[in-house]
Amino acid sequence: MPAATLTVTLPAEDIEFLEGYARQHGLTVAEALGQTVRRLHTRVRPVIHPEVAAITGLVPPDLDAKAEYRQHLLDKHR
């Protein structure tokens with residue numbers, strides 16, 4: 001893949017960190033950024049199992065799950 005030029009503006013402390021990281025790992029700043037971008041690019045999102053997808057959204061969003069579970073435990077151990 002052909003290379004292209006990109007100009008990025010970052011806070012000074014981020015640039016210092018990136019330069020130090022690259023130096024410690026024997027890389028150029030461009031190589032360090034390239035590795036990070038490739039890592040992000042190849043990160044695969046896990047596939048949701050069909051059975052989990054089928055039940056997604058069944059619990060009302062306003063339900064207080066912690067309170068319900070606490071109540072379940074209290075009822076169970078009475």
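1. The model is predicted, so local features need pLDDT of at least 70 and side-chain atom pairs count only at pLDDT 80 or more, while totals for chains, interfaces and linings use all residues. Residues are numbered from 1 along each chain as its sequence is written, and side-chain values use heavy atoms, with hydrogens and water left out.

2. On the surface, L6, V8, L10 and I15 make up a nonpolar patch with about 360 Å² of accessible area together. Such a patch joins nonpolar side chains (Val, Leu, Ile, Met, Phe, Trp, Tyr) within 5 Å, from residues with over 30% relative accessible area and no salt bridge; a salt bridge is a side-chain nitrogen of Lys or Arg within 4 Å of a carboxyl oxygen of Asp or Glu. Areas come from the Shrake-Rupley method with a 1.4 Å probe.

3. One member of that patch, L10, sits in the segment before α1 (12-24). L10 counts as partly exposed because its relative accessibility is 36%, and partly exposed lies between buried (under 20%) and exposed (over 50%). From L10 to R43 is 33 residues in sequence and 24 Å in space, C-alpha to C-alpha.

4. The largest pocket holds about 570 Å³ of space. Of its 17 lining residues, A4, L6, A30, L33 and G34 are the closest to its centre. A pocket here is an open set of points on a 1 Å grid where a 1.4 Å probe fits, with protein on both sides within 12 Å along at least five of seven lines; lining residues have an atom within 4 Å of a point.

5. Helix α2 (29-42) and α1 each supply at least two residues of this lining, and α2 gives the most, with seven. Helices are DSSP runs (H or I) of at least four residues. By class, the lining has 13 nonpolar, one polar and three charged residues.

6. A32, in helix α2, is buried because its relative accessible area is 2%. The C-alpha atoms of A32 and A22 are separated by 5.9 Å, at 10 residues apart along the chain.

Definitions and conventions. Patches are made of residues with over 30% relative accessible area and no salt bridge: like charges are joined within 9 Å, nonpolar side chains (Val, Leu, Ile, Met, Phe, Trp, Tyr) within 5 Å. Buried means under 20% relative accessible area, exposed over 50%, partly exposed in between (1.4 Å probe, protein chains only). Grid points are joined across faces, edges and corners, and a volume is the space filled by probe spheres set on the points. Ala, Val, Leu, Ile, Met, Phe, Trp, Tyr, Cys and Pro count as nonpolar, Asp, Glu, Lys and Arg as charged, and the others, Gly among them, as polar.
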